[in-house]
Amino acid sequence: MYDLIGDIHGHADALERLLAALGYVHRDGCYRHPDRRAVFLGDFIDRGPKIRETLRIVRPMIESGTALAVMGNHELNALAFHTLDRGTPGEYLRPRNEKNCRQHAETMRQVPDDELASHLEWFKTLPLWLDLGGVRVVHACWDESLVPRISEPVTDEFLQAACSPRGRLFGPVETILKGKEAHLPQGATFRDKDGHERTAARVKWYEPPEGHTFRSYTMASEPIDSDEPLPDDVARAAVPYPENAKPVFVGHYWLKAPRPELLRANVACVDWSVAKGGFLCAYRWDGEQVLDASRFAWV
């Protein structure tokens with residue numbers, strides 16, 4: 001069975017405490033459990049105080065088969081940050097502007113260049129989604145119309161197609177790794193977790209948008225104070241997750257609460273903001289098709 005673990009963002013101490021609480025023991029070079037596998041939801045890097053140590057925990061687990069993982073948007077961002085844009089000579093697929101440099105700065109400061117180059121190559125081996133029979137795993141959004149389109153290996157050609165706004169995979173990969181958004185009503189804004197002013201907010205992609213307003217359908221770090229109906233493009237882009245589908249787990253959303261909560265009976269998020277004063281979270285899945293909030297574990 002699987003222990004699904006949310007975004008770590010360089011918080012290696014919390015990860016070691018969580019693995020110990022889940023019964024994993026460090027043996028033969030990595031953490032192991034006698035009869036379970038960890039499944040990491042991505043976003044190992046950036047922000048936290050022990051990025052290098054985090055990678056030295058998760059990578060051996062995955063390479064030894066004691067864990068699985070999907071790619072997070074921060075791994076994709078790192079690959080794009082270090083990959084030249086073939087369409088714009090001298091530029092990178094992720095522009096090296098002040099915002100992007102600041103976001104990736106701790107990773108480059110903490111991880112030596114040669115070691116980071118090795119990890120970047122390893123990031124390319126991470127799938128963007130997993131269907132493990134009875135459960136699905138993706139970093140931000142499971143969209144049945146897009147997931148089948150993202151099955152090729154992550155190569156420089158893939159990155160060009162996925163990270164350039166003109167690329168054939170840009171839209172699907174943005175959705176799978178970063179979620180869906182709704183543009184806010186004219187004049188409405190909010191500040192995200194990093195203090196940036198935003199005019200679009202992530203939405204509850206797993207729910208049908210009909211009957212919702214901006215206040216009830218968005219997942220912003222601050223509530224959207226608007227009961228205006230959603231624009232037509234949100235409804236057109238919606239592919240709600242069926243209520244009778246197998247459970248799906250996501251990270252990404254920086255949720256805040258005193259304890260983890262389910263998003264729906266078959267949808268769970270395991271990102272509870274360890275990098276912003278929250279906690280590192282896991283869900284212990286034993287095959288149930290109706291999820292149970294009592295199966296969350298956190299430190």
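Aspartate 3 stands opposite arginine 284 in E15. The model is predicted: local features need pLDDT of at least 70, side-chain atom pairs count only at pLDDT 80 or more, and totals for chains, interfaces and linings use all residues. Residues are numbered from 1 along each chain as its sequence is written, and side-chain values use heavy atoms, with hydrogens and water left out.

Strands (E, at least two residues) are DSSP runs numbered from the N terminus, and two of them pair if DSSP finds at least two bridges between them.

| Strand | Residues | Bridges to E15 | Direction |
|---|---|---|---|
| E1 | 2-5 | four bridges | antiparallel |
| E14 | 271-272 | two bridges | antiparallel |
| E16 | 296-298 | three bridges | antiparallel |

The hairpin of E14 and E15 has six residues between the strands, and in it serine 273 takes a positive phi near 65°. Because six of the seven residues of E15 (residues 279-285) are buried, the strand is largely enclosed by the rest of the structure; buried means under 20% relative accessible area with a 1.4 Å probe, protein chains only.

A nonpolar core is a set of buried Ala, Val, Leu, Ile, Met, Phe, Trp, Tyr and Cys residues joined through side-chain atoms within 4.5 Å. The largest has 88 residues, of which Phe40, Phe44 and Met61 touch the most other members. A second, separate core of 10 residues includes Ala182, Ala201, Val203 and Ile224.

Terms used: Buried means under 20% relative accessible area, exposed over 50%, partly exposed in between (1.4 Å probe, protein chains only).
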